[in-house]
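Here is a short briefing to read alongside the coordinates.

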Amino acid sequence: MTSQTITADVAGTWKLGDLPVHRIGFGAMRLTGSAAFHLGTPSDREQSIAVVRKAIELGVNHIDTAAFYFSSLRSANEIINSALAPYADDLVIATKVGPFRDYSGEWGTWARPDQLRGHVEENLRQLGRDHLDMVYLRRSQQRWDSIAEHFGALAELREAGLIRHLGISGVEPRHLAEAQAIAPVVSVQNKYGLHEFDPDTDELLRICGEQGIAFVPFFAIAGKGAERGPSGDQVDEVDAIARAHGATPAQVRLAWTLQQGAHVLAIPGTGNPDHLVENVAAGALRLTSEEMSRLDALHREGE
């Protein structure tokens, strides 16, 4: 498949609350280096800025970021600010709060409910905005059985006008119901892809579709490589389907993800302009029902 003339609108649109976005978006984690956080070599700043601007040129209007996306030399939020401010009216920037990294890059204690305002204000400062379009509460799976107190704190910041819409991340179906009893949830963001089967996340995907809530998977391409990037594991089934379409395995993984439902939004991240073009073009790839069945079976097996 050709990639050069394909733009993000080809995948269709969805609304995050009242904010329409193209279903192919952009994840900012990999703007800071060859791997996330301090795990790789810091990126070339000018190239990262060029990648963000190219994403906008290709019609991307949904960017996913976080204040804790930084390497020893680069900050994803600073790069976005430098590349795009003043921001276009139709651009939706989503961020996440909860996790914390100190200036040396070490992970610290996850935020208490009373600390979330500081996380929100830090994102506002770095992005140069007076409010945040979309904020996810990223759940600490090790510490938070309930998210009610934390989500309630974000709901108060929404009422104060610092946040427009709320989402939750790294959660189970029960957490969605818990959050919805406090304030509207417009998006759920969990790890999801061909590489891994999790019954709770598959159930969330279904529930979100029924309720008109966006489902935004992360690591759809990276798979088991997670923060370090694609693991390089070769899967014959994926490779064969990619060859049949003249596509890359990464494009097949993204296409399979998008075909899980009209409410599914993709946020592939990269610091490579060529990969960006390929990722956006994946929105035009239509897998056959037979190919989807083969990949669905692969997903259930968890590779």
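This is a predicted model: local features need pLDDT of at least 70, side-chain atom pairs count only at pLDDT 80 or more; totals for chains, interfaces and linings use all residues.

Helices (H or I, at least four residues) and strands (E, at least two) are DSSP runs, numbered from the N terminus.

**Sheet and hairpin**

- An open sheet is built from 7 strands with parallel pairing, and their order is E3-E4-E5-E6-E7-E8-E9.
- Strand E3 (26-27) and strand E9 (214-215) are the edge strands; each has a single partner strand, so one side of each lacks a neighbour in the sheet.
- Within this sheet, strand E7 (residues 163-169) pairs with strand E8 (residues 187-189) in the parallel sense, over 3 bridges.
- If you want a residue pair to click on, Gly167 has Ser187 in E8 as its bridge partner.
- Strand E1 (residues 13-16) and strand E2 (residues 19-22) pair in the antiparallel sense, with 4 bridges between them.
- Trp14 sits opposite Val21 of E2.
- E1 and E2 make a hairpin with 2 residues between them, and Gly17 in the turn has a positive phi of about 65°.

**A cis peptide bond**

- Most residues other than glycine have a negative phi, and most peptide bonds are trans.
- Ala85 and Pro86 are joined by a cis peptide bond, with omega about -5°.

**Helix H5 and its buried side**

- Which residues of helix H5 (residues 173-180) are buried? They are Pro173, His175, Leu176 and Ala179.
- These residues cover an arc of only 160° around the axis, which puts them on the same side of H5.
- The buried residues of H5 pack against helix H4 (148-159), E7, E8 and helix H6 (199-211).

- The buried set in H8 is Gln251, Val252, Arg253, Leu254, Ala255, Trp256, Thr257 and Leu258.
- Packing partners for the buried residues of H8 are H7, helix H9 (273-281) and helix H10 (289-301).
- Ile241 is part of helix H7 (residues 236-245). Is Ile241 buried or exposed? Its relative accessible area is 1%, and buried means under 20%, so Ile241 counts as buried.
- Leaving aside residues up to four places away in sequence, Ile241 touches Val252, Leu287, Glu291, Arg294 and Leu295.
- Ile241 and Met292 are 51 residues apart along the chain, while their C-alpha atoms are separated by 9.9 Å.

**The second largest pocket**

- The volume of the second largest pocket is about 340 Å³.
- Its lining has 17 residues, and Ala67, Phe100, Arg101, Glu122 and Gln126 are the ones nearest its centre.
- Strand E5 (92-97) and helix H3 (116-127) are the elements that give two or more residues to this lining.
- H3 contributes the most to the lining, with 6 residues.
- By class, the lining of this pocket comprises 7 nonpolar, 5 polar and 5 charged residues.

Note on methods
Residues are numbered from 1 along each chain as its sequence is written. Side-chain values use heavy atoms; hydrogens and water are left out. Two strands pair if DSSP finds at least two bridges between them. Buried means under 20% relative accessible area, exposed over 50%, partly exposed in between (1.4 Å probe, protein chains only). Contact means heavy atoms within 4.5 Å. On a 1 Å grid over the protein atoms alone, a cavity is a set of points where a 1.4 Å probe fits but cannot get out, and a pocket is an open set with protein on both sides within 12 Å along at least five of seven lines; lining residues have an atom within 4 Å of a point. Grid points are joined across faces, edges and corners, and a volume is the space filled by probe spheres set on the points. Ala, Val, Leu, Ile, Met, Phe, Trp, Tyr, Cys and Pro count as nonpolar, Asp, Glu, Lys and Arg as charged, and the others, Gly among them, as polar. The arc is that of the directions from the helix axis to the C-beta atoms.
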